Amino acid sequence: EIEKIRIKITSLGLTESRITADETIQQLFVECRLNSFLAEETPLSLPKPTGGQRIHYNYSTVINVAKEDNHAERQYLKSILLKPDLPADSLKFTVVSDPPEDEPDLECEDIGFAYVSLKEIFQKQRDIIEQDIDVFDSQDASAVIGKLTVTVEALSALCSVHEECKND
């Protein structure tokens, strides 16, 4: 059994907000980050969804956390399981505005963040399969600007790491 965390970014829908109103925000992509050492992004940026529509990325990636070669990742997963107060126990999804090509002065801009707690997956002993998670406004962490549908299959890797913690 190869130990891995499987992540899928299925789709994104936005609620009415400053994001939907902002005409400089046209194309969106999603980045997924595990702590500081791993970031993946959807290869495509897609046109911003309007009124109730969703854009579909259907992007999957796998983080290999097998013992042999992935020491940093495993140490991080161990720390999530062993240190209950570790704040960075989540996969962080960032919705990023990809500026139009005819606007060379505009930078990529983070417009929203969504989180999946790996610790919670372990505590509940349940992977997250095609679940809608809230996307919070990057300028106002209390405001939900949309929903991101994601899958995070991490339970078997976390259980394996947990077994190893018991044996250390």
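Helices are DSSP runs of H or I with at least four residues, strands are runs of E with at least two, and both are numbered from the N terminus.

## Basis of the report

This is a predicted model, in which local features need pLDDT of at least 70 and side-chain atom pairs count only at pLDDT 80 or more, while totals for chains, interfaces and linings use all residues. Residues are numbered from 1 along each chain as its sequence is written, and side-chain values use heavy atoms, with hydrogens and water left out.

## Glutamate 164 in helix α4

Glutamate 164 lies in helix α4. Its relative accessibility is 17%, so glutamate 164 counts as buried (under 20% relative accessible area; exposed is over 50%, partly exposed in between, with a 1.4 Å probe and protein chains only). Residues up to four places away in sequence aside, glutamate 164 touches Lys67, Arg74 and Lys78, where contact means heavy atoms within 4.5 Å.

## Packing of α2 and α4

Helix α2 (residues 71–82) packs against helix α4 (residues 155–167) at an angle of about 80°, and the axes are 9 Å apart. Axes are lines fitted to C-alpha atoms, for helices over the stretch in contact, and angles run from 0 to 180 degrees between N-to-C directions.

From α2, Arg74, Leu77, Lys78, Leu81 and Leu82 meet Leu158, Ser160, Val161, His162, Glu164 and Cys165 of α4.

## Histidine 56 in strand β5

Histidine 56 belongs to strand β5 (residues 54–64). With a relative accessible area of 48%, histidine 56 is partly exposed. Beyond its neighbours within four places in sequence, histidine 56 contacts Thr10, Ser11 and Leu46.
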